[in-house]
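Hello,

Here is the structure I promised to pass on. Please open it alongside this email, and my notes follow below.

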Amino acid sequence: MRVQDVLRRPLITEKSTELRDGSNIIAFVVDSRANKIEVRKAVETQFAGVKVAEVRIANVHGKVRRRGRFVGRTPDWKKAYVRLAEGQIDLFDNV
């Protein structure tokens, strides 16, 4: 898998904002086939000068949704919590 395909987008939620401010942890939506090593390599490559200390990954199961009498499901996806090394800058301060 190419490094550019691993990270889909940053996950901006209330919980991820609290983690970013307090613990220097950034959340990303990642490809469902990616593992911790690929996520670490992708973050360090795409954001130059950033050192990753820890990566945690969670599989999120899709929810069951209804449209009238039809029942469907949203797709499963994977998220990664990336903790930057001590003293590293926040990636999204400039945004």
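Leu7 stands opposite Val30 in β2. Keep in mind that this is a predicted model. The pairing of β1 with β2 rests on 3 bridges. β2 covers residues 25-30, and the two strands run antiparallel.

Now widen the view to the sheet. The sheet is open and has 4 strands. Their order is β1-β2-β6-β3, and the pairing is antiparallel. Which strands sit at the edges? They are β1 (7-10) and β3 (52-60), each of which pairs on one side only. From one strand to the next, the twist averages 30°.

Two helices deserve a look next. Helix α2, residues 14-23, packs on the sheet. Helix α2 touches β2 and β6, the latter being residues 77-84. The direction of α2 makes about 140° with that of β2. Helix α3 takes in residues 36-46. Helix α3 lies across β1, β2, β3 and β6. The angle between α3 and β3 is about 125°.

One residue I would like you to find is Ser16, in helix α2. Is Ser16 buried or exposed? Its relative accessibility is 7%, so Ser16 counts as buried; the cut-off for buried is under 20%.

Last, the empty space. Rolling a probe the size of a water molecule over the atoms shows where such space is left. How many cavities of 30 Å³ or more does the count give? The count comes to 1. The largest cavity holds about 60 Å³ of space. Its lining is made up of 10 residues. Those nearest its centre are Leu11, Ile12, Ser16, Arg20 and Ala27. α2 and β2 each supply at least two residues of that lining.

Leu11 and Ser16 are both among the residues nearest the centre of the largest cavity. From there, follow α2 across to β2 and β6, which the helix touches.

Best wishes

How values were computed
Residues numbered from 1 in each chain as written. Predicted model: local features only at pLDDT ≥ 70, side-chain atom pairs only at ≥ 80, totals over all residues. Heavy atoms only, no water. Pairing = 2+ DSSP bridges. Axes fitted to C-alpha atoms, helices over the stretch in contact; angles between N-to-C directions. Contact = heavy atoms within 4.5 Å. Buried < 20%, exposed > 50% of the residue type's maximum accessible area, 1.4 Å probe, protein only. 1 Å grid on protein atoms, 1.4 Å probe; cavity = no way out; pocket = protein on both sides within 12 Å on 5 of 7 lines; lining within 4 Å. Points joined across faces, edges and corners; volume = space filled by probe spheres on them.
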